[in-house]
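Please work through each task before reading its solution.

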Amino acid sequence: MSDVSLMVNGRRVSGAAEDRTLLVHFLRENLGLTGTHVGCDTSQCGACVVHVDGKAVKSCSMLAVQASGSTVVTIEGLANGADLHPVQAAFKEHHGLQCGFCTPGMIMTATDMINRHPEGLDEATVRAELEGNICRCTGYHNIVKAILAASKTMAKGAARAKAKQAA
Amino acid sequence: MGIEGVGARVARKEDKRFITGAGRYVDDMVVPGMKHAAFVRSPHAHAQIKKIDVKKAQAMPGVIGVLTGKELKADGIGNLICGWMIHSKDGSPMKMGAWSPLAFDKVRYVGDAVVIVVAETKGQARDAAEAVEITYKELKAVVDATKALEKGAPQIHPEAENNLIFDWEIGDAKATDAAIKAAVHVTRMKIVNNRLVPNAMEPRAALGHYDKAEDHYTCWTTSQNPHVARLVMSAFYNVAPENKLRVIAPDVGGGFGSKIYIYPEEIVCLWASKKTGVPVKWVADRTESFLSDAHGRDHVSTVEMAFDKNNRITGLKVDTIANLGAYMSLFSSCVPTYLYATLLSGQYDIAAIHANVRTVYTNTAPVDAYRGAGRPEATYLLERTMEAAARELGVSPAELRRKNFITSFPHQTPVIMNYDAGDYGASLDAAMKTSDYAGFAKRKAAAAKKGLLRGIGMSCYIEACGIAPSAAVGSLGAGVGLWESAEVRVNAVGTIEVLTGSHSHGQGHETTFAQLVNERFGVPIDSVSIVHGDTDKVQMGMGTYGSRSGAVGMSAISKALDKVEAKAKKIAAHLLEADEGDIVIENGALKVAGTDKNVPWFQVALAAYTAHNLPAGMEPGLKETAFYDPSNFTFPAGCYICEVEIDPETGTTEIVQFVAADDFGNIINPMIVEGQVHGGIAQGIGQALLEGAHYDASGQLLTASYMDYTMPRAGDLPSFQVSTSNTPCPGNPLGIKGCGEAGAIGSPPAVINAITDAIGVADIAMPASPSTVWAAIRAATK
């Protein structure tokens, strides 16, 4: 057993975990954050994507002890209180989800993707960068649409924030 | 249509929990004292079990119980069954081999469950499962259905000689043979429909909880039809009587057919909970899912299509061998028969059809319904054959189809189905227009300049949904009726709960069903809750599959709403001192038509429950129940056109355009319908280009992870151009046909027709992977 201590969704949490415990299982079972899902065992499907120190990470490919000391954001921590994150809002508006199982990972991947492309995104880039996330319901059509829309919304938000700062 | 009513593009109510991580799937459930299970599965495709030694496993840390099939059998748990009886053409019933939830004498496929281990943690359960020692005597295995029928093939079940489950036929053999004999042209094809794994993103899971004090079981399970699960587990598997068994299917992460069936694991978890005294949870990992979920398709067929001198089809003869795997899954027998051969007329007026279907045991995972279930196999066979025929006859594929279209309705086919409505020419025209079919030659020439091979292919599909009139399916062998139930509960403040036997696992029922209520009573959809997936809440239902929840499930709701409306109008008439026949419902109020006299909806509801001033003799309350039994199947149809560019250097196929023009009847929420089509097309393209379940000759599944089985990813697919041109279904009150499976049914032949057009070959195997396409190009240019 090892002690694991990390910041999750703005809260400091700690606990003991078997050395073999994956981050995803620590989040789900120790912390009860069941929004992060397990869809495969080979780090192919991306249902378990969370942000570790600001980067999208498949939480099934990382041990909980490896994440000790890190800052983790899961799907539960993405919204700002009652205000949905623009990516969450776009998935709803554009019907980017059906059964909802891959959705948390998709949204976390998409948020990271948009953050890494402040210059904006096009369809080909979105499709290429979704390589690590599998959805069986939507055929990706509306996921791509949602990510492109969210990218625009977030760019506008960033521009407004910048203008405000300048003023 | 209001902003939330029928036809409105309303964002889904259920999304909020899914996008915030608050969905509740079976693996998210925690019950006090809950422990974890792992199954020991057969590593062999075919073997006798000589000895099971659980001593070492029992001594492992954290182990609570290690249980075997002998103990299960001793406790009277029954074998799994197939619930649809098919008779061979000689009159003999299908040969159903015994399928024990835990194998005790013989294993018949890799993944066959043998032992369950219950331990404190999932890790400990798995560690202990590895310590179970089973001695097997390996037997020869067979995985190919055609080979399984050969003399001398390994015998899988003693009940089924030569592994033949049934040899069934439909249609008129004599008339069809005569048509072929008299034909001016006959197109002959061998058609292989590749085996697929459904791959819902949420792996199957079960949590069984036996409450000793109440002698009562609760099962949380990843099911598309919890009531069917309860019925079957009670009536056939002797788990518990229905009143002692509650089945809950909470949020379910996709099904596509694979979560219709009752599998060994949920039965065993319930039984193990009683045996060990703790709640038992099992969650499949992805490889377990590949090994043990019911697979789909796996047909090999020959077809002869006869034409007269005017290029009209005069006869169709089909011979199919369907691989059903090691055991007969719950609905496996109806897929290659009544869901397949009854659709062999397609959109075409064909006077004579005959199909012969042999189903076969092999040492592979059981095969059952996967999105489309039989109809994709029929469509692929027909639409590949039509394409080949057009090329052989030297005519346009579009015009050959158009010439043979059924144009008047109702139309009785020679294979049972009675098509009620459709306009196949309209879908074909729409798809050709959207795809700029006429401009293809130019695009092909432009691609050729870049060194690319461009091809176009179409598919005109029909399917039968809204499954189905209970008496009709009963006469065909179904063990259940296929009606649906609904209960509409109007609360005293006017908010509404709708209890439905349908189950949503991605389809958006919480929104579309509420839209129907809004349309009828003007109640905002946020004031309408849809309750489903729990046998303690909803009395009975048949669940969601076969695109039936709109056509059948919503028709039941509509019927219950009729009853609520009738009573509400009586109350309003009484309160307004008006004639009941003059009351209309508008903008959330009950009004006397043509006057400003009205009473708001919530006041009528309140009046029903205060019961201070009701019409004489009326019972208090406002709650109604309805069962709806469909009068016919529904017949969605459409035309799909696919355009591909192939790089001859690499064999890589890019889908440069995919157009769908569907006829789904009336539509509740176009956004959700489009989403269903997108997803179906992606699965169909997956079948055509990427997916295939492969066993080696010894019965090992080679494609048992996402490293080996190619799932369609975003980069493999284009954006789709989808549209509908609808003819309302005359058979149900809402005019709905269903949209859940069309994409997966119509798309594979369109893709393969496009590829064979591009590279100039008569046929290519699915999945048309780059290596397959590259080899075909090489072979064609030799």
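The C-alpha centres of domain 1 of chain A and domain 2 of chain A lie 21 Å apart. The model is a predicted one.

**Exercise 1.** Determine which elements give two or more residues to the side of domain 1 of chain A that touches domain 2 of chain A.

*Solution.* Begin with the bounds: domain 1 of chain A covers 2–77, and domain 2 covers 86–161. Next, consider the contact, in which 15 residues of domain 1 of chain A meet 11 residues of domain 2 of chain A. On the domain 1 side, the elements giving two or more residues are β3 (49–52) and β4 (55–58) of chain A. The largest share, 3 residues, belongs to β3(A). By class, this side holds 7 nonpolar, 7 polar and 1 charged residues.

**Exercise 2.** Identify the element that makes the largest contribution to the side of chain B that touches chain A.

*Solution.* The contact involves 42 residues from chain B and 45 residues from chain A. Two or more residues on the chain B side come from each of α1 (15–19), α9 (286–292) and α18 (670–690) of chain B. Of these, α18(B) provides the largest share, with 7 residues. Sorted by class, the chain B side comprises 18 nonpolar, 16 polar and 8 charged residues.

**Exercise 3.** Is strand β3 of chain B mostly covered or uncovered, and in which sense does β3(B) pair with strand β5 of chain B?

*Solution.* Strand β3 (residues 63–68) of chain B is mostly covered, with 6 of its 6 residues buried. Its pairing with β5 (residues 113–119) of chain B is antiparallel and runs over 5 bridges. Finally, Gly65(B) lies opposite Val118(B) in β5(B).

Key:
Residues numbered from 1 in each chain as written. Chains lettered and ligands numbered in written order. Predicted model: local features only at pLDDT ≥ 70, side-chain atom pairs only at ≥ 80, totals over all residues. Buried ≥ 20, exposed ≤ 12 C-beta atoms within 10 Å, placed from the backbone. Helix = DSSP H or I, 4+ residues; strand = E, 2+ residues; numbered from the N terminus. Pairing = 2+ DSSP bridges. Domains from an automatic or database assignment. Contact = placed C-beta atoms within 7 Å. Nonpolar A, V, L, I, M, F, W, Y, C, P; charged D, E, K, R; others polar.
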